[in-house]
There are 4 protein chains.
Amino acid sequence: MAAPKTKRQQASQQRRQAILDAALDVFAADGFSAARLDDVAEKAGVAKGTIYLFFKDKEELFEQMVVAAISPVLARFEALAALETMPLDQMLDTLFTYFQAEVLATRRRDVIWLVLTEGRRFPHIAETYHRMVVSKGLGIIRRIAHNAYKRGEISWDGLERFPHLIFAPPLMALIWGGLFSTYQELDVADLLKTHRQLLMNAALPKPQEV
Amino acid sequence: MAAPKTKRQQASQQRRQAILDAALDVFAADGFSAARLDDVAEKAGVAKGTIYLFFKDKEELFEQMVVAAISPVLARFEALAALETMPLDQMLDTLFTYFQAEVLATRRRDVIWLVLTEGRRFPHIAETYHRMVVSKGLGIIRRIAHNAYKRGEISWDGLERFPHLIFAPPLMALIWGGLFSTYQELDVADLLKTHRQLLMNAALPKPQEV
Amino acid sequence: MAAPKTKRQQASQQRRQAILDAALDVFAADGFSAARLDDVAEKAGVAKGTIYLFFKDKEELFEQMVVAAISPVLARFEALAALETMPLDQMLDTLFTYFQAEVLATRRRDVIWLVLTEGRRFPHIAETYHRMVVSKGLGIIRRIAHNAYKRGEISWDGLERFPHLIFAPPLMALIWGGLFSTYQELDVADLLKTHRQLLMNAALPKPQEV
Amino acid sequence: MAAPKTKRQQASQQRRQAILDAALDVFAADGFSAARLDDVAEKAGVAKGTIYLFFKDKEELFEQMVVAAISPVLARFEALAALETMPLDQMLDTLFTYFQAEVLATRRRDVIWLVLTEGRRFPHIAETYHRMVVSKGLGIIRRIAHNAYKRGEISWDGLERFPHLIFAPPLMALIWGGLFSTYQELDVADLLKTHRQLLMNAALPKPQEV
DNA sequence: AATGAATGAGGCTTCATTCAT
DNA sequence: GATGAATGAAGCCTCATTCAT
């Protein structure tokens with residue numbers, strides 16, 4: 001926890017971080033199996049063997065990289081949770097704007113992508129990501145929906161039961177951006193704005209029985 | 001296109017199909033890079049060299065496998081398109097039920113998973129999938145929304161502009177099933193039913209300006 | 001057990017044997033750790049990967065090589081055992097002559113050397129060698145001594161209790177040849193002849209109490 | 001040669017000795033190639049780089065270590081040589097007892113083991129060991145035999161010509177202890193006592209012509 | 001056409017050695 | 001002197017691909 005004191009330790013931390021940064025790039029570009037540690041080392045500006053001073057093997061590098069990339073997200077979550085008293089519409093706007101600026105436009109997008117693409121073969125990654133990010137994120141959205149419900153902004157408990165419905169379109173935007181935007185552009189801002197309209201439209205009317 | 005005539009040709013086609021089936025299993029389990037052609041050959045019941053009689057290399061096998069797995073989906077799409085006159089609510093119910101039964105519970109789920117996880121490094125796959133499946137599927141949903149709009153079931157053009165909003169939750173269900181269901185179960189039927197309620201609730205009211 | 005029938009199988013057996021032969025040379029020259037499988041492959045006239053068609057890894061190659069080299073020795077042992085009725089002096093002469101011609105002057109010397117030098121870090125090798133060669137060999141020598149005792153050629157049970165005493169000088173000759181003969185020649189034939197004299201001299205006199 | 005004077009020099013000598021001690025342990029356990037200088041440094045309580053302050057490389061460390069371990073043996077040899085007037089039987093008893101107590105039960109056993117196992121690939125080691133230990137040791141034994149011959153205790157020159165015959169069984173005991181004692185115990189004291197009986201039995205009788 | 005033994009390029013990992021602190 | 005982080009050469013092993021049968 002404490003910041004390292006000596007120059008040696010600082011340099012060591014910087015090296016470790018450089019390796020993690022390079023690893024994110026390389027793993028995101030090639031996937032775990034196809035990624036070459038030579039590339040990671042070169043991009044990090046260290047020798048191949050240096051990686052092994054910090055990480056037992058390729059797998060541990062991968063897992064540590066994901067965990068390290070996740071950590072800062074958690075701090076942000078706390079801030080978002082503090083906004084739970086905001087009106088629903090404004091809250092959704094804040095959330096989606098944040099998602100576009102702080103996830104889709106940053107390396108965090110690559111982290112999520114790696115969790116998606118490699119999570120199945122790294123259950124530890126999937127489990128960690130679920131515990132540290134997904135369940136917390138859904139919990140926050142759920143509380144937002146719950147508060148809106150209590151305030152009378154929503155006359156329906158669907159969003160509270162399935163906060164996934166709020167997050168599904170942003171996730172789709174991320175996936176589209178990764179796979180299809182080359183072939184067909186997607187206006188993410190408009191998509192999310194329309195999603196917000198959808199949610200607000202559905203918020204108040206009495207739900208029809210299906 | 002024509003059905004093979006001679007027994008020899010039939011046997012060849014069966015071999016080819018066995019290889020494609022095995023490849024789907026193996027690629028889905030391990031990903032493209034980590035998958036071993038030894039495993040594909042063994043699972044298909046052929047010798048390793050036989051694979052190269054049908055496919056130039058590992059990459060072509062992968063791409064052909066995805067294309068072959070996509071094809072049958074297209075026929076289904078035609079059928080769905082024919083139901084475009086159905087009332088919106090019923091149509092959504094049909095769509096989601098179909099998705100659960102015919103995608104999530106079958107090997108088609110694995111195909112989509114592979115497109116998600118490998119599409120980035122196989123632009124040809126992503127492009128093909130987008131052209132043959134995604135754009136067609138979104139087109140169908142878009143027409144459904146359009147028809148409903150014309151019939152007065154929807155007083156809002158959001159779904160027509162972004163049919164993605166209809167498909168996002170089913171996609172999320174697929175992803176959740178692949179990554180997180182081990183750690184937290186998701187009631188997909190309930191999720192999709194709630195999604196349908198959301199869509200119907202939002203269908204008629206005048207959209208609020210955002 | 002059955003001889004391989006097809007040409008393919010024969011060629012395979014020859015390859016396997018070529019690898020084992022090369023492995024003996026390389027391991028004997030460099031020791032297990034320093035030996036390079038590249039060298040084994042080159043000397044065997046096969047590609048590096050071919051080794052792994054027959055042996056799981058370097059360690060298994062080493063162990064199989066020792067076992068394969070030991071096997072023929074056992075057949076010889078049976079022949080020696082059959083000579084147990086021979087007069088002691090003649091028997092010793094036969095034994096030592098055999099050892100010089102069939103061990104010291106052949107690759108079997110290298111096998112014993114490898115058991116000596118690597119046996120400690122390959123307990124499986126040491127155990128196998130002890131079970132298949134050492135205990136059997138000592139058993140034969142012991143019976144030889146026992147028979148000579150019964151026939152009155154020896155008036156003393158020392159050699160029966162410690163057949164090691166008969167084998168110790170041949171072993172020393174082997175070690176000397178491996179380590180010191182460059183610096184000081186050892187006349188092995190004379191050594192073993194003198195050893196035989198020693199044994200025969202000691203055979204009949206009443207042992208003095210020590 | 002001169003004892004170091006300053007504290008710094010003393011500390012340096014202690015470090016050097018600690019490294020040599022650790023090296024003996026590690027080399028004996030793993031062999032030259034498989035031994036890791038990391039382990040030597042850790043066991044010696046110094047940093048890895050410190051080893052290179054005293055020794056040019058791994059090979060020199062190994063050779064110096066063997067030489068250093070050999071030196072004390074030489075002093076003992078002088079003492080043994082002084083006993084050459086002792087009656088043969090008593091002399092052998094002293095020798096063998098010394099070997100059991102001062103070689104087999106100490107780290108000197110490991111040194112001999114290393115000379116055996118690595119001497120072939122370190123001719124310098126083998127040559128040094130031969131010159132400093134083997135030839136001197138055999139010389140002592142030879143003089144013992146010679147003196148006994150002159151005193152009439154032996155009526156035969158075999159042991160004088162091949163003092164190896166006296167040392168072979170102790171060497172075999174050492175080898176047996178390193179390789180096979182786990183699988184079959186060897187009573188070394190009894191073996192050597194029996195060996196002594198054998199030698200004494202053979203000492204006086206007129207040798208038969210072979 | 002089908003086989004599967006053989007190949008060898010390429011990646012992960014280790015560890016002797018160096019050198020800035 | 002002493003350290004130990006950093007280096008990078010080298011070796012084991014895998015596996016896509018080839019080709020003689």
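How many salt bridges are there between chain D and chain C? The count is 2 in this predicted model. The views below start from that interface.

**View 1. The interface of chain D and chain C.** Contacts link 59 residues of chain D with 60 residues of chain C. Between them the two chains bury about 5,500 Å², and carbon and sulfur atoms account for 69% of that area.

View 2. In one salt bridge, the side chain of D:Asp190 meets that of C:Arg161, with 3.0 Å from N to O. On chain D, the side that touches chain C draws at least two residues from each of several helices, including helix H1 (7–34), helix H7 (123–151) and helix H10 (188–203).

**View 3. Chain A and chain B as copies.** Chain B is superposed on chain A by a rotation of 179 degrees, with 0.0 Å of shift along the axis and an RMSD of 0.2 Å. This is how a two-fold axis relates two copies. Because 100% of the interface residues of chain B are also interface residues in chain A, the copies meet through the same surface.

**View 4. Surroundings of A:Leu61 in the largest nonpolar core.** This core has 160 residues, and A:Leu61 and B:Leu61 have the most contacts inside it. Beyond its neighbours within four places in sequence, A:Leu61 is in contact with residues including A:Ile19, A:Phe27, A:Val40 and A:Phe55. Another core, of 159 residues, lies apart from it; C:Leu179 and D:Ala22 are among its members.

Definitions and conventions. Residues are numbered from 1 along each chain as its sequence is written. Chains are lettered from A and ligands numbered from 1 in the order in which they are written. This is a predicted model: local features need pLDDT of at least 70, side-chain atom pairs count only at pLDDT 80 or more; totals for chains, interfaces and linings use all residues. Side-chain values use heavy atoms; hydrogens and water are left out. A nonpolar core is a set of buried Ala, Val, Leu, Ile, Met, Phe, Trp, Tyr and Cys residues joined through side-chain atoms within 4.5 Å. Buried means under 20% relative accessible area, exposed over 50%, partly exposed in between (1.4 Å probe, protein chains only). Contact means heavy atoms within 4.5 Å. Copies are superposed by least squares on the C-alpha atoms of residues with pLDDT of at least 70 in both. Buried area is the accessible area (1.4 Å probe) that two parts lose on being put together, summed over both. A salt bridge is a side-chain nitrogen of Lys or Arg within 4 Å of a carboxyl oxygen of Asp or Glu. Helices (H or I, at least four residues) and strands (E, at least two) are DSSP runs, numbered from the N terminus.
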